[in-house]
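Dear colleague,

I am handing over a structure that you have not worked with before, and I would be glad if you could look through it. My notes on what was found follow below it.

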Amino acid sequence: MPNEAFLDRVLTMEVGRCTEAAAIAASTMIGRGDKEGADQAAVTALREALGKLEIDGTVVIGEGERDEAPMLYIGEKVGTGRGPKVDIALDPLEGTDLTAKAMANALAVVAMAQGGTLLNAPDVYMDKIAIGPGYPEGLVDLDAPHEDNILALAKAKGVPAEEITLCVLDRPRHDGIIKAARKVGARVFLIPDGDVAGVFHTTEPETGIDMYLGRGGAPEGVLAAAALRCVGGQMQGRLHFRNDDERARAERLGVQDLDRKYSLRELASGDVIFAATGVTNGTLLDGVRWDPKYVHTHTIVMRSKTGTIRYIRARTRRK
């Protein structure tokens, strides 16, 4: 039986292999205009890959509640059942529309952590703010005016507000954020989808993104928090409910304070492993590429305990 340190290393790499499997499956649907088909291909492949892992895993962020998702639903057990108890947050295909339309930045994403350490977030919206590492704790606040957060970050970075770039989902609900950013002179980088990648971009200087701000999916918020736990950074989130049905959904999953503002460590605590594989070409990762003999993938695998970040380029024989 391998010792715990060895088992950890094995799991870190195996999680990457799982996202590779999902990305390869989804890539067969790039540009076909069928986002449901692309998502199903990724779900099927990811579930099969997770089933081979020596873990006693529980999906806490998945494709939805059991009555909505036949596979990888919230609460589903995955793995052989013979290994460590772990929570799993996943998005087999972040960017179903991006894949269907052959647009950039579609990913297959999985986060794994010790049991009970990932927020069991319902499939509702979440208001989010995130910045990269290297700044004083509490520099930005979800409840502060947008202009104040931008100016605080600019001051801490030692640059004028004109040199700060926000990443924002391109949605009408974010018109106020865009107006506030342009009022102080900041740049706005609009993305059509994929806010896990959007949050993570704040940690990569080459992307030019300084802050993520806006309302997106709560499950994606937990996945993004898992990534930030591995590389550093700050993030806050608060669940946003549109109706009583969504509030009831949160209560069924054990959320007691519906107005709580979650910190990064409340969204994802403990030892976290995070992996993502590019489906389509993007700012963070290259997409899946097929040639006559092989399929090529580009994956990032990270672990919070060690701070290790691995970029893996793999070549697999075509079946």
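**The open sheet and its surroundings**

In this predicted model, six strands form an open sheet in the order S7-S6-S8-S5-S9-S10, and their pairing is mixed. Strand S7 (187-191) and strand S10 (261-263) stand at the edges with a single partner strand each, so one side of each is left without a neighbour in the sheet. On average, and with direction ignored, neighbouring strands of this sheet are turned by 20 degrees against each other.

**Annotated residues and the pocket**

The unreviewed UniProt entry carries the annotation "binding site" for Glu94, Gly95, Thr96, Tyr125, Arg171, Pro172, Arg173, Asp193, Gly194, Asp195 and Gly217. Of these residues, Glu94, Gly95, Thr96, Tyr125, Arg171, Arg173, Asp193, Gly194, Asp195 and Gly217 are included in the lining of the largest pocket. One of them, Gly194, has its place in the loop between S7 and helix H6 (195-200).

**Aromatic rings**

Although the structure holds zero aromatic pairs, Arg315 lies over the face of Tyr294, at 4.0 Å from the ring centre.

With kind regards

How values were computed
Residues are numbered from 1 along each chain as its sequence is written. This is a predicted model: local features need pLDDT of at least 70, side-chain atom pairs count only at pLDDT 80 or more; totals for chains, interfaces and linings use all residues. Side-chain values use heavy atoms; hydrogens and water are left out. Rings of Phe, Tyr and Trp (its six-membered ring) pair if their centres lie within 6.5 Å; planes under 30 degrees apart count as stacked, over 60 as edge-to-face and the rest as tilted. A charge sits over a ring if NZ of Lys or CZ of Arg is within 6 Å of the ring centre and within 35 degrees of the ring normal. Two strands pair if DSSP finds at least two bridges between them. Helices (H or I, at least four residues) and strands (E, at least two) are DSSP runs, numbered from the N terminus. Axes are lines fitted to C-alpha atoms, for helices over the stretch in contact, and angles run from 0 to 180 degrees between N-to-C directions. UniProt positions are given in the numbering used here, feature names are shortened, and annotations may be inferred rather than shown by experiment. On a 1 Å grid over the protein atoms alone, a cavity is a set of points where a 1.4 Å probe fits but cannot get out, and a pocket is an open set with protein on both sides within 12 Å along at least five of seven lines; lining residues have an atom within 4 Å of a point.
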